[in-house]
Amino acid sequence: MHPEIESPPPAPGPPGSNLPEISVSELAGTVKRVLENALDRVRVRGELGRVTIAKSGHLYADLKDTGAVVSIIMWKGAAGALKFRPEEGLEVVVEGRVTTWSGRSQYQLVADRMEPAGAGALMALLDERRKRLAAEGLFAAERKRPIPFLPRIVGVVTSPNGAVIRDILHRLRERFPVRVLVWPVLVQGEKAAGQIAAAIRGFNALTPESPNMAAGSVPRPDLLIVARGGGSIEDLWAFNEEIVVRAAADSAIPLISAVGHETDTTLIDFVADLRAPTPTGAAEKAVPVRMELLATLADLDGRQNSGIQRLLEMRRTGFDTAVRRLRPAGHLLAEPTQRLDHASAILSRALVANLRAHESAFAGIASRLNPMALSHDLGRRREKLDFLGERTRQSLLRSVERRRDRFGPLSERLEPAMRRIIGDWSRVLESQGKLLESLSHRGVLARGYSLVTRANGELAIRATALVPGERVAIRFSDGIAGAEILPPEAGDKVTETHRPRTGPDLPPKPARAKKEEGQGSLF
Amino acid sequence: MSETGQAGTEISALSFERALQELEKIVTLLERGDVALEDSIRYYERGAALKAHCEKRLKDAQLKVEQIVLRAGGEVSTEAASFE
């Protein structure tokens, strides 16, 4: 179609076309020639897409913006010299030439230079990574381990070439010479981060120093210094790499970071146990100053010596004083000795006096102890007993009195009651008695008995008491008849012997009559 | 001796820092002077031993620089280096 490519049509060509027919290779070759001539040197800005580093060391990547994508190749030599690690998302400026690959109908940019698109791009990337690692807690203050006061072995991870290791060693020698193990690494470029991380982990994998350690084996340092001299942000980039940051975070050995100058900050500074502004500064933080310690020690030694001497001096002074005060002890003893002698002298006298005093006291007591005293005592006790007895009697009387007081009203109530009861019975008895009197008296006389009364009014109870010729009164039930006693008849002999004292008329009757009359006189 | 906690510790096992700290404590005690005579002598003897221990550590100090050499198979060894 291009006018330059037009050529006369071949014989079998379609009618009406005068384009010369060319081969695919001829076309591809023409494209390649035209492109490479026109775009021999370009400078392109874009964002890195997929980045691959092949085993060969060549770097393959996409460079893109919102509308297009271009493939990039960076050959091993140029890629290995990069000061930063190209990664997806990073905005870069790439210089190179456009070329085509005829085998695939593709074109690509062969880059020989690549750099981040301004410091801002890398800083943005660094900031994002720092925040992510901080969120993991890798920078937390409580993860920091203390730096040993005086390490025996210091491990240094840095480049074996250049000023850094020399500065560190120089300052260590000045301050406090120690054993130093240097783990040489690349500190910039593609391989730097991997080597630095491996060195940190390598030091941690060593065995701590011990007396029975095999000869030739490498002891583990007490302290690590990871150092690099100053440079651009790209130069220091390896110390921002995650692999280095994580190795430092995992280190069991306390670690001092010293990367770049004081104003440079890399991510290893955040994770280190201590950040030194420079490699020299790291050496200063790693060891104390030996001369100062010697001076301190000498000072302590001097103070200790003077301290103990002063103590001993004080003791000696105290002792001397005590000894001086001990000498007049003889005087101190004089008075007690005198008192002792005096006391000894009067001791026997005092004993006798004491004995006498007790004797007289005994006598006084003994004199009071006699039968009089005892009887006196008994008398007192008797009085007391009498007094108690009187009190008992009085209280009994009072008790009886109290009871009597209660009894008085009771008896007052009892008397009328008794009178009523007795009155009742008296009337019954009276009426019964009258009834009995009339019945028996009348009955006896009515049954034929009679009472014989003598002149003097006495009842004639025995016949023998009557004198013949004596006038008597005979009382019948219906009246009284006068009679005269006759002398006893012969027929009455039997009766006479039997009843010499019986009445003359009716021996049994007078007896009974007299009896009846005796009873009747009661009334 | 209770004020110096590690009084019974073998001095050779003490780190420089611990030994120095204990020595400072002993010196302070002796300077203050309110220790019994027997104790003060024990303190002094201990202090002298601590001082000798620290001094030895300071006198023995010398720079010895080695460089890590990685052998095939990852074995770690060292060789003397000067970096001058």
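Visitor: In which sense do β1(B) and strand β2 of chain B pair?
Guide: This is a predicted model, in which local features need pLDDT of at least 70, side-chain atom pairs count only at pLDDT 80 or more, and totals for chains, interfaces and linings use all residues. Residues are numbered from 1 along each chain as its sequence is written, chains are lettered from A and ligands numbered from 1 in the order written, and side-chain values use heavy atoms, without hydrogens and water. Strands are DSSP runs of E of at least two residues, numbered from the N terminus, and two of them pair if DSSP finds at least two bridges between them. Between β1(B) and β2(B), residues 76–80, there are five bridges, and the sense is antiparallel.

Visitor: Which residue in the turn of this hairpin has a positive phi?
Guide: Five residues lie between β1(B) and β2(B) in the hairpin. The positive phi, about 90°, belongs to Gly73(B).

Visitor: Which residue of β1(B) does Leu181(A) stand opposite?
Guide: Strand β7 of chain A (residues 179–184) pairs with β1(B) (residues 64–70) in the parallel sense over four bridges. There, the residue opposite Leu181(A) is Glu66(B).

Visitor: What is the area buried between chain B and chain A?
Guide: Buried area is the accessible area (1.4 Å probe) that two parts lose on being put together, summed over both. Carbon and sulfur atoms give 68% of the total, which is about 3600 Å².
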